[in-house]
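Welcome, and please open the model in your viewer. We will go from stop to stop, selecting a few residues each time.

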Amino acid sequence: GNRGLNRKQWYQRRVRGFLINNFLVPFCSAYCFIVNLHFRVFEMGLPLKIMLLISSTFCCLAAESTTEEIEVKQADSTLYFREELLSLRGEMYSLVSQRAESALLALHVTDLLKNVRAVMGSMDRLESKIDTIAAEQARQIEAVDAKVDLIRSDVDLIRSEVRLISQHKLTWQNSSWDDTFHSDFLVDGIYTLSAGYDSDNPVYHPGRGMNLKNNMVIIDLGGFFKIHTIKLWNRIDEQPSYAIGVLIYVDDDLIGTIHDVQRLYNILAGEEVYGSKIFVKQSLAKFMNFIEIQVFGSGPYRKKEMSRKMF
C-alpha cells in the first residue's frame, strides 16, 4: 500500500503513527480509567452514565482500531523501508558499477592520450630528422652540381680544342690498285716530300680500270664532331691532276670541291658543320690519288646536344 508513496509522504505517515502510539492510545486508556473511577465515586444519573460509558467504549475501540491500523501500517512501512533499502542498494551498486566503468574508460582514454602524445613526439622527431637529412641531401646535391658544372666546363673546354681527329681512324674504299694501295694510307700520319707511289710515302690509288666516275673513300671519325678544316695532300710524283673534280662531304653536306692542281688543299668548313663521316668522291671519269687526308675538328658531341645549340 505504501509502494506508490514518495519519501515525504512516507515520513509523514511514520510521524503520524508515532503520535498515535505514544499519545492517543495512552490518552484513551486513561480516559476509560477515569470514567470507571468516576462511576464508583460519584453518583450520576442513568442517562449521563450511559453516555459516558458509551463514549469511553467508543474511545477504547477507536484506540484499539487505530492501534491495529498503526501496527498494519508499521508492518507495511517496514516492508516498504526494506524494499527501499534494497532498491537503494541496487542503485548504489549501479552507480558504483557505472563509476567503475567510467573510471576504467577514463584510464583507457588516459593511456590512449599518452600513446598519442608519444606517437606525435616520435613523428615530430622523425620530421625533424627528415628535414635535416633533406637539407643535407640538398647541400650535397648542390655540391655535386657544382662539381658537375666544373667538370662539364672542363670537358667543354677540352672538346672545344681544334685538333686532328682523323688519324688512324677506320676507312673504306670501293677499289684498290693490285690490292696494295689501300685507303688506310690516307690516315697513317705520313706525308713527306718523298716522290713515288711505292716509296716511304705511299699513296691511295683506285683499282686497275677504275678510271671511272664515283671513285670514293670514306673516313669514319668514330663520333659526332664539329668539323673545322679538311686537308688533302696531293700526289707529287706524277698525275697530280687526278685531284681535279673531287667533291668533299661531311655526312650529307658538301663543304668543298677541287678544280685546280695544288700540293695541299685546305677545305674550310662552315661555322656549324657537324658529322661523323668524311666522304671524298671523284665526280669525273678518272683516278683519284692522295698521300694523306687530315680532318681537324672538336668534340665529340651528342647529336641532341648540338641540335639544342643549333636551334
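Which residue takes a positive phi in the hairpin of β4 and β5? Select Asp251: its phi is near 55°, and the hairpin has two residues between the strands. Before moving on, note that this is a predicted model, in which local features need pLDDT of at least 70 and side-chain atom pairs count only at pLDDT 80 or more, while totals for chains, interfaces and linings use all residues. Residues are numbered from 1 along each chain as its sequence is written, and side-chain values use heavy atoms, with hydrogens and water left out.

**The hairpin strands**

Now show residues 246-250, strand β4, together with residues 253-257, strand β5. Strands here are DSSP runs of E with at least two residues, numbered from the N terminus. The two strands pair in the antiparallel sense over four bridges; pairing requires that DSSP finds at least two bridges between them.

**A lysine in a loop**

Next, select Lys286, in the loop between β7 (274-282) and β8 (290-301). Is Lys286 buried or exposed? Lys286 is buried, meaning under 20% relative accessible area with a 1.4 Å probe and protein chains only. Lys286 has no salt bridge (a side-chain nitrogen of Lys or Arg within 4 Å of a carboxyl oxygen of Asp or Glu). The nearest side chain of opposite charge, Asp260, is 11 Å away. Instead, look towards Ser241: the Lys286 side chain reaches its backbone oxygen at 3.0 Å. Leaving aside neighbours within four places in sequence, Lys286 is in contact (heavy atoms within 4.5 Å) with residues including Met210, Asn215 and Tyr242.

**The aromatic cluster**

For the last stop, select Phe224, Tyr274 and Tyr301, which ring pairs link into a cluster. Rings of Phe, Tyr and Trp (its six-membered ring) pair if their centres lie within 6.5 Å; planes under 30 degrees apart count as stacked, over 60 as edge-to-face and the rest as tilted. The count by this rule is four aromatic pairs. Phe224 and Tyr274 are stacked because their ring centres are 5.8 Å apart and their planes at 10°. Phe224 lies in strand β3 (residues 216-234) and Tyr274 in strand β7, so this pair ties together parts 50 residues apart in sequence. Tyr274 is buried, at 11% relative accessible area. Turn to Tyr274 and Tyr301 for an edge-to-face pair, 6.1 Å centre to centre with 85° between the planes.

How values were computed. Buried < 20%, exposed > 50% of the residue type's maximum accessible area, 1.4 Å probe, protein only. Lys, Arg positive; Asp, Glu negative; His and termini not counted. Polar contact = N/O pair within 3.5 Å; in protein donor to acceptor, adjacent residues only side chain to side chain.
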